[in-house]
Amino acid sequence: MAHGHGPGRCRCCGEEAAERGAAWGLYLRIDRQRLQCLNERREGSGATVFRPWEERRDRSQFVESDDDEELLFNIPFTGSVKLKGVIVMGEDDETHPAEMRLFRNIPHMSFDDTAKEPEQTFSLSRDPLGELEYPTKIARFSNIYHLSMHFPKNFGAETTKIFYIGLKGEWTEVIFLHGLGDTGHSWADALSSIRLPYVKYICPHAPRIPVTLNMKMVMPSWFDLMGLTPDAPEDEAGIKKAAENIKAIIEHEMKNGIPPNRIILGGFSQGGALSLYTALTCQHQLAGIVALSCWLPLHKAFPQAANNGVNKDIAILQCHGELDPMIPVRFGALTAEKLKSVVTPTKVQFKTYPGVMHSSCPQEMMAVKEFIEKLLPRI
């Protein structure tokens, strides 16, 4: 049995508060509708201890055991995660749990099941301020879709009380941007056919604005379009503003615990164009770019615009239909050549699909799936 005594604990008081709080964002991946706490005195109270790190010292929310000192949590996640550490915060008295036993991927555990050998056991110290981190053996706690936490005893009281449980870990993400006149819903549906259970997909909606190319009709558009040829005038201010909005989504997800090198940015048509521009000008090193039936906006500004080459080695999957009447495949080929002057040339894949117009196809979606699996392997 592996124990987390002595050196296994670390007190990380010196960390920057915001950075440390972001690291403890795994509670966001809990499937709360299926979360269970066995032997809780007040129904539903067990779920309240999983909350933001910044709210850990809220003493109004806690779980207390009922018949005896034991508590058992069954924690399903909405995808596969990597668990890196745990914080357990209680009272500075005998109600504080004294031992924690962790089990992986055993849904619906009962107290009878706790007779099994746990993956890891920790002797706990009293931690009324939520300062002690118990690092897990990461090799044992990768690819976790369900975590069970058993607290078999405390420091001598009849009941056990816990105010906060922090879960530190990682998961992965794809942010995908739709094309002109579309919404995020259609691509959320399309991506469901290649969905990986351990990846979070975000498909935001573009704002509705007048589009010059379409006689100033108001429609969902990331920025204004004047034309679709390499020498057409461009909405430079709109492109840069849209890129900043997507970068804000990336920053938000980073604050929730997703490292940038586990984020892929992608899109179709205008959304693919924006994904290329955003990723290449981003100050964070991303995992990759999926660029479908698109072009590189403000291409004359590159490679100088590529933010000091932060993403010089980023992987790019560029796909294009050979019969695309809106953005001809030769524009896609010109874009691929331009991209090779911005990033390491061997990192750019340009795939074309015979008979495909300005749309996707099953073969292209499989290429996207393989690209995601390669860059974001199960953690």
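This is a predicted model: local features need pLDDT of at least 70, side-chain atom pairs count only at pLDDT 80 or more; totals for chains, interfaces and linings use all residues.

Me: In what order do the six strands of the open sheet stand, and is the pairing parallel or antiparallel?

Reply: Strands of a sheet pair through backbone hydrogen bonds, and they do this either parallel or antiparallel. Strands here are DSSP runs of E with at least two residues, helices are runs of H or I with at least four, and both are numbered from the N terminus; two strands pair if DSSP finds at least two bridges between them. In this model the order is β11-β10-β14-β15-β16-β17, and the pairing is parallel. The edges are formed by β11 and β17 (348–353), each with a single partner strand, so one side of each has no neighbour in the sheet.

Me: Which way do the residues of β14 point?

Reply: In a regular strand the side chains alternate between the two faces of the sheet. Ile263, Leu265 and Gly267 point one way from β14, whereas Ile264, Gly266 and Phe268 point the other way, and all are buried. Buried means under 20% relative accessible area, exposed means over 50%, and partly exposed lies in between, using a 1.4 Å probe and protein chains only. Because six of the six residues of β14 (residues 263–268) are buried, this strand is largely enclosed by the rest of the structure.

Me: How many bridges join β14 to β10, and how many join β14 to β15?

Reply: Five bridges join β10 (residues 172–177) to β14, where Gly266 is the bridge partner of Phe176. Five bridges also join β14 to β15 (residues 288–292), with Gly267 opposite Ala291 and Phe268 opposite Leu292. Between β14 and β15 the chain passes through helix α4 (residues 270–280), and this β-α-β crossover is right-handed, a term for a path from the first strand over the helix to the second that runs clockwise when the strands point away from the viewer.

Me: Which residues of helix α2 are buried?

Reply: An α-helix has 3.6 residues a turn, so residues three or four places apart point the same way. In α2 (residues 184–192) the buried residues are Gly184, Trp187 and Leu191. They cover an arc of only 65° around the axis, which puts them on the same side of α2; the arc is taken from the directions from the helix axis to the C-beta atoms. The face turned away from this buried side carries the exposed residues His185 and Asp189. The buried residues of α2 pack against β10, β11 (199–202), β14, β15 and α6 (362–375), where contact means heavy atoms within 4.5 Å.

Me: How many disulfides does a search of the whole structure find?

Reply: A disulfide is a covalent bond between the sulfur atoms of two cysteines. The search looks for a pair of cysteine sulfur atoms within 2.5 Å, and it finds zero disulfides in the whole structure. Cys319 is in no disulfide, since its nearest cysteine sulfur, that of Cys361, is 8.1 Å away, too far for a bond. Cys319 is buried, with a relative accessible area of 0%, and Cys361 is buried as well, with a relative accessible area of 10%.

Methods: Residues are numbered from 1 along each chain as its sequence is written. Side-chain values use heavy atoms; hydrogens and water are left out.
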